[in-house]
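Here are my notes for you as you look this one over. Keep the viewer open and check each point as you go.

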Amino acid sequence: MREDVETVRERVRIDEVIGAHVTLRPAGVGTLKGLCPFHDEKTPSFNVRPQVGRYHCFGCGEGGDVITFVQRMDGLGFTEAVDHLAGRVGVTVRYEDGSAPRPGEEPGRRRRLLDAHKVAEEYFRDQLASPEARIGRAFLAERGFDRAAAEQFGVGFAPPGWDALLHHLRGRAFTEAELTASGLVSQGRKGLIDRFRGRLVWPIREVTGDTVGFGARRLHDDDTGPKYLNTPETPLYRKSHVLYGIDLAKREIARTRQAVVVEGYTDVMAMHLSGVGTAVATCGTAFGPDHARIVRRLLGGAGGAGGVQLASGDSVGGEVVFTFDGDAAGRAAALKAFGEDQTFAAQTFVAIEPGGLDPCELRQQRGSDAVRALVSGRTPMFEFVVRSTLAAHNLDTAEGRVAALRAAAPVVAGIRDTALRPEYTRQLAGWLGLPEARVRDAVGSGRGRAPSAPARRPDRSDPVVRVEHNALAAVLQHPGLVPGSFDTLGPDAFTVPGYRAVHDAVRVAGGVAAGRTTDTARWVGTVSDGAAESVRPTITELSVVALPANSDEALAALVRATVDGLVDQGLARTIADLHGQLQRTEASDPRSREILAELTALETRRRTLREQD
Ligand code: ZN
């Protein structure tokens, strides 16, 4: 698989993939620049170096290779991103020991199942215009969705009868085994039958836009099935992993760093049509940890793909708004979501319509403005949970307030965000009308950990730092220009800890000599793969940063001077150390002769190096 991943990295053009999302313009030798898709900015600090196969944003620090970009942009896992890119360039990724790409899936099988879904989706869409689908069109019209809306969301109609889709798919040469595995048909008493019959259908897609299943709404009174019927668990479709509307919402979620979770297909449509383009819905299941992961990847920040998730549950950036019916079930769902994913909780909000209207009804009865107002009037989940807890007590009596405090204190104590906890302690005191000190005692102290300080960036106005920075950038980007003396540098030649770690990774990868014999992108990949996770962002940054030279000659001269300077710095440091040692050693000590001999050799070498220029 490793080789296949390399092939994908080589064949896919990073400037094309990124270019589909970001307008890139040339800036200096071999660098393209644009506005970062991962944070809001007015002047471009997002750099792409096609030759190195990497990108890096000097504004927010986001960076990596083409696979990382797709992971971040589309909220995909590594394997999914590789599969997606492989499909683009016609590479088949073989998995070790012939194992399946994903549980229960054979290589090639996924493509077939996706094709079956594509055919089915087109079929359903065509059927929506048929006379039999009048009831379906009426259902949409009653809810304020016109034809354009139906088209935008790919809504279709599964005809009544038993085997219309089945015939259609067989006519397209799909085998019984494929049809069964797709979940589009089910086993009837006399053989296979269509799973969805006489229903409106919504295509459920992955972030990449591939349709992996359908959700179907009952229309006929004599339909004895459930109101909503979804694709069963298949190799493509796992209900705990799919979010309806994610393909349409991903861009807006990444841009605005907000995701809105609603309850149904028509709610997603109503939200988007009202201008809330960040709405998604779970499909026949509650919002769970896997859904949270998908959303968090798109929201980015510290929780983004390849990023570092802080154990203390500090900000992952962005916010998630749950809209629930005002009823008890909705409230229970919110409480559950709160309890299950505390790292998420600081950015979690609830938006509840007091009249109990869902977003679809709200749009119809009170218009798009009311839908947007519902979202903007959101309440922090903490506040919602604490207030719900307090509501169960009579706060007019002293006993009631004490009982309420006892019930609510654990909720506040459970807040892992150390910055938020005191704030909510204060608020709880206000809601209860009790002294803050009393509430603080009840909540207790010392839970959770203080957030770790972010690593400081090396100061590049320091000439020593600048030389180390430029030398490593040259080694990664232009190994062919770097003098061989670089590989004579010892492990402590770099003083900035982050750069020392990159130097270690270069040495592990075989030194700059190894970089000269392979193409640049592969070289950077090798160095990065051999480095610790925490070192990789620095490697990416160094491999993308533009060196201050505007011609090939100037670049060659700069690289040579930089590396010479670094070797010289290293020699000077060693010489100074040896002088110190010599002064502390008695003249009669036999070691003093050795130190002296070493000093002489080093000073000769230093002189020779200087004379070469
Ligand atoms: Zn950025």
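1. In which sense do strand S13 and strand S14 pair, and over how many bridges? Strand S13 (residues 258-262) and strand S14 (residues 279-282) run in the parallel sense, with three bridges. Val262 has Ala281 in S14 as its bridge partner. Two strands count as paired if DSSP finds at least two bridges between them. Helices (H or I, at least four residues) and strands (E, at least two) are DSSP runs, numbered from the N terminus.

2. Before going on, some ground rules. This is a predicted model, where local features need pLDDT of at least 70, side-chain atom pairs count only at pLDDT 80 or more, and totals for chains, interfaces and linings use all residues. Residues are numbered from 1 along each chain as its sequence is written, and side-chain values use heavy atoms, with hydrogens and water left out.

3. Back to the sheet. It is an open one of six strands, ordered S12-S14-S13-S15-S16-S17, with mixed pairing. Strand S12 (243-244) and strand S17 (379-380) are at the edges with a single partner strand each, so one side of each has no neighbour in the sheet.

4. Now find the zinc ion. Its protein donors are Cys36 (SG), His39 (ND1), Cys57 (SG) and Cys60 (SG), at 2.1 to 2.3 Å. Donors are N, O and S atoms within 2.8 Å of the metal (3.2 Å for Na, K and Ca), and water is not among the atoms, so sites may look incomplete. Angles among the four donor atoms are 101 to 120 degrees, making the site tetrahedral (for four donors, all angles between 85 and 135 degrees). Along the sequence, the donor residues follow the spacing C-x2-H-x17-C-x2-C.

5. Is Cys36 buried or exposed? Cys36 is buried, at 7% relative accessible area, while His39 is partly exposed at 24%. Buried means under 20% relative accessible area, exposed over 50%, and partly exposed in between (1.4 Å probe, protein chains only).

6. Take a look at Glu121 too, in helix H5 (residues 109-127). Glu121 is buried, with 8% relative accessibility.

Definitions and conventions
Four donors count as tetrahedral if all angles lie between 85 and 135 degrees; four count as square planar and six as octahedral if opposite donors are over 155 degrees apart and all others between 65 and 115; anything else is irregular.
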